Amino acid sequence: MNVTFRRLQKTFYTLRGKVEALKSIDLEIGQGEFFILLGPSGCGKSTTLNLTAGLERPTAGEIRFADRIVSSPERKIFLSPKERNVAMVFQSYALYPHLNVFENIAFPLRIAREREIDEPVRNTADMLGIDDLLERKPAELSGGQRQRVAIARALVRNPDLFLLDEPLSNLDAQLRTNMRSEIKRLQRDTGITTIYVTHDQTEAMTLGDRIGLFRDGSLVQVGTPDDLYNRPQTPFAATFIGSPPMNVIPSEINKEGDAAVITYADGKSELPKDKAWMLERLVDRKALMGIRPEHISMVTTSESISLAGNIETIEPLGRELLYHVRTGAGNVLVLSSDEELRLGDTVHLLFDSSHIHLFPSEPGAN
């Protein structure tokens, strides 16, 4: 089932005044797609999920499931969560402590007065690898096992839409990695359209077919993980996606013959001709230049086009080292496997111009 948001808005009224949680969202999620709602705390992603589930009513706009309108204040349409046939998994698991695993999974079937319970419960438990835990109570389970039970309870009644609100945030790092693989496999096997909320960009990049990046109640960019990583449209998208984040450096664009040259402090780079379209974003010669740490090389000898700086911090990251280099253009992050460099060394940074990004520097460009 595909899901469509048209001009979706949500406003809350508090003692401190009006809060615009969503400022007009237009988005279409395809049939069978694994779609990620990503962004920092308070950006509107969980509000979007709650509106989709029918846990809250939108202030304006429309939500469609396939060709059916499920929420529209203008048309006075609002279907309850039960009428929408959606399943939701929360961050807290929300298992019933007095019920064993079997009864926790069976609970939505009993509420719906389904006649067949045993076979759906056992089949779903088997799919999630918890068929040997059916007699246990939640208190006897690990965090990962509880999460599987919560997912099984959501899936057992064959929903049209699967919603997950930061379901892995309570798990340790190793278990999160394992559960990501399980959730991805499960979604692929069932083919259920899935909307997944997270603030973790690693989760978003590894799980999603596409990602919707939120900021302050607005959608900043929608695209595949590759789109957001390699073709960010704003400085916010550039720095939110990727670990370590992209460097964003104040720059100026000048013409030198037929070439566009980007200057920053004491360094400069020539913009490749196939990236000339980036200049259309700029209203004047001022720009923010983006370059990822892995696309910068360091040399100890002076280069005429290099950006000079001193190494202030070195972070070991396994196969590579993350260098923090203080330059005239600010702090620059560099990923390198060069172990000969030391704190305090003066280095010259060379940017791979084929991986340069340009963003407007005027207010509102983020």
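## Overall make-up

A residue counts as buried when its relative accessible area is under 20%. In this predicted model, buried residues make up 49% of the 366 residues of the protein. The secondary structure consists of nine helices and 21 strands. Along the principal axes, the C-alpha trace spans about 80 × 50 × 40 Å.

The accessible surface of the protein is about 17,600 Å², and carbon and sulfur atoms account for 46% of that surface. The protein has 43 positive and 50 negative charges, whose mean positions lie 8 Å apart. Of the contacts between residues at least 6 apart in sequence, 66% join residues at least 24 apart.

Strand S4 covers residues 60-65, and strand S5 covers residues 68-72. The two run antiparallel and are joined by three bridges. Arg64 stands opposite Ile69 in S5. S4 and S5 form a hairpin with two residues between them, and Ala66 in the turn has a positive phi of about 55°. S5 is mostly covered, with four of its five residues buried.

S5 also pairs with strand S6, residues 77-78, in the antiparallel sense over two bridges. Here Ser72 stands opposite Ile77 in S6. The hairpin of S5 and S6 has four residues between the strands, and Lys76 takes a positive phi near 60° there.

## Glu62 in S4

Glu62 belongs to strand S4. The relative accessibility of Glu62 is 10%, so this residue counts as buried. The side chain of Glu62 makes a polar contact with the side chain of Arg64 at 2.7 Å. In a regular strand, side chains alternate between the two faces of the sheet.

Neighbours within four places in sequence aside, Glu62 is in contact with Thr4, Phe5, Arg6 and Leu8, and also with Ile69, Ser71, Ser72 and Arg75.

## Thr193 in S9

Thr193 is in strand S9, which covers residues 193-198. Thr193 has a relative accessible area of 0% and is therefore buried. The side chain of Thr193 reaches the backbone nitrogen of Gly32 at 2.8 Å.

Gly32 is also among the contacts of Thr193 when neighbours within four places in sequence are left aside.

## Backbone exceptions

Most residues other than glycine have a negative phi, and most peptide bonds are trans. A cis peptide bond joins Ser243 and Pro244, with omega about 5°. Pro244 is in the loop between helix H9 (235-240) and strand S12 (247-256).

Asn85 has a positive phi, near 55°. This residue, Asn85, lies in the loop between helix H2 (81-84) and strand S7 (86-89). Asp216 likewise has a positive phi, near 50°, and is found in the loop between strand S10 (210-215) and strand S11 (218-223). Positive phi values also occur at Ala66, in the turn between S4 and S5, and at Lys76, in the hairpin of S5 and S6.

How values were computed:
Residues numbered from 1 in each chain as written. Predicted model: local features only at pLDDT ≥ 70, side-chain atom pairs only at ≥ 80, totals over all residues. Heavy atoms only, no water. Buried < 20%, exposed > 50% of the residue type's maximum accessible area, 1.4 Å probe, protein only. Polar contact = N/O pair within 3.5 Å; in protein donor to acceptor, adjacent residues only side chain to side chain. Contact = heavy atoms within 4.5 Å. Areas by Shrake-Rupley, 256 points an atom, 1.4 Å probe, with all protein chains shown as cover. Lys, Arg positive; Asp, Glu negative; His and termini not counted. Charge placed at Lys NZ, Arg CZ, Asp CG, Glu CD. Pairing = 2+ DSSP bridges.
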